[in-house]
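Me: Can we go through the side-chain contacts in this one? I'd like the cut-offs along with the values.

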Amino acid sequence: MFEWLIGVCAVSFALFLLCQSRMEMALRAHIGGENTFSASAYFLGGAVRHKFEGSVVRGEDGRLSITTAFNGNPVKVKRRENIFKREMVSPAARDLFIRRVDLESLGFSMTIGIASDAAITAQLCGLALTVLESAAGIVRILKPNARVLMRSAPNFREDCLRIRFSCIFRIKIGHIILIAARAAIDIAKGAIAAWLTRLKALCAPRWKTSKT
């Protein structure tokens with residue numbers, strides 16, 4: 001009995017430490033030129049590391065192809081339609097994620113170039129910087145401790161549009177479990193509501209005919 005109690009306490013303490021540990025995510029994307037993206041995750045102070053990376057390449061026929069790899073091993077990504085459906089994103093889970101996540105840094109740089117017209121290039125860079133700084137202001141309000149850097153640079157030598165994005169944030173494992181549970185509950189509620197609506201639609205004609 002005493003050994004069983006010690007085992008329960010040890011497992012509970014281990015789960016508590018796991019929930020309190022933080023996961024660090026680093027997201028990076030380069031669009032224009034390299035066309036690469038990567039997502040790195042670090043658990044337990046870097047003891048466990050995973051990296052998902054990919055690149056977009058244009059073939060000889062002009063079509064775009066995506067190559068991806070997970071921890072250095074090639075991965076085939078199946079195309080799924082409507083993967084970003086609004087119904088799949090739970091507003092409550094999204095709000096909970098925004099409240100619990102600790103944003104460390106956010107960087108966004110853009111290079112715009114129209115070789116034939118330097119004036120338009122400068123105007124576009126100024127407009128892009130205005131939009132980026134407005135977005136940075138919103139981020140600073142939500143996450144005051146985050147380092148936010150927005151940059152827009154002109155390129156007068158060639159026609160180009162290059163974008164670099166980087167983001168580093170941390171979140172506790174326990175909060176990830178809570179967010180996943182909330183999202184699952186909202187998805188289940190939506191599925192039940194859709195099933196009940198379909199059931200009412202099927203039973204309504206029979207109910208009318210039985211009344212008559």
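Reply: Accessibility classes come up throughout: buried means under 20% relative accessible area, exposed means over 50%, and partly exposed is in between (1.4 Å probe, protein chains only). By that rule phenylalanine 52, with a relative accessible area of 29%, is partly exposed. This is a predicted model, in which local features need pLDDT of at least 70 and side-chain atom pairs count only at pLDDT 80 or more, while totals for chains, interfaces and linings use all residues. Residues are numbered from 1 along each chain as its sequence is written, and side-chain values use heavy atoms, with hydrogens and water left out.

Me: How many aromatic pairs does the structure hold?
Reply: Two. Rings of Phe, Tyr and Trp (its six-membered ring) pair if their centres lie within 6.5 Å; planes under 30 degrees apart count as stacked, over 60 as edge-to-face and the rest as tilted. Phenylalanine 37 and phenylalanine 52 make a tilted pair, because their ring centres are 6.3 Å apart and their planes stand at 40 degrees.

Me: Which strands do phenylalanine 37 and phenylalanine 52 lie in?
Reply: Phenylalanine 37 is in strand 2 (residues 36-43) and phenylalanine 52 in strand 3 (residues 48-58), so the pair ties together parts 15 residues apart in sequence. Strands (E, at least two residues) and helices (H or I, at least four) are DSSP runs, numbered from the N terminus. Phenylalanine 37 has 28% relative accessibility and counts as partly exposed.

Me: And phenylalanine 108 with phenylalanine 165: what is the geometry?
Reply: That aromatic pair is edge-to-face, at 6.4 Å centre to centre with 65 degrees between the planes. Phenylalanine 108 sits in strand 6 (residues 102-113) and phenylalanine 165 in strand 8 (residues 160-172), 57 residues apart.

Me: Back to strand 2. Which sense do strand 2 and strand 3 run in?
Reply: Antiparallel, joined by eight bridges; two strands pair if DSSP finds at least two bridges between them. Alanine 41 stands opposite histidine 50 in strand 3. Strand 1 (residues 22-31) also pairs with strand 2 in the antiparallel sense, over seven bridges, and histidine 30 stands opposite threonine 36 in strand 2.

Me: Salt bridges next. How many does the structure hold?
Reply: Six, where a salt bridge is a side-chain nitrogen of Lys or Arg within 4 Å of a carboxyl oxygen of Asp or Glu. Among them, arginine 140 and glutamate 133 have their closest N and O atoms 3.9 Å apart. Salt bridges that share partners join Glu24, Glu104, Arg147 and Arg170 into one network.

Me: What is the N to O distance for arginine 170 and glutamate 104?
Reply: The distance is 2.3 Å. Arginine 170 is in strand 8 and glutamate 104 in strand 6, 66 residues apart. Glutamate 104 is partly exposed, with a relative accessible area of 22%, as is arginine 170 at 29%.

Me: Lysine 51 with glutamate 53: how far apart are the closest N and O atoms?
Reply: In that salt bridge they are 3.8 Å apart.

Me: Is cysteine 125 buried or exposed?
Reply: Cysteine 125 counts as buried, at 6% relative accessibility. Cysteine 167 counts as buried too, at 10%.
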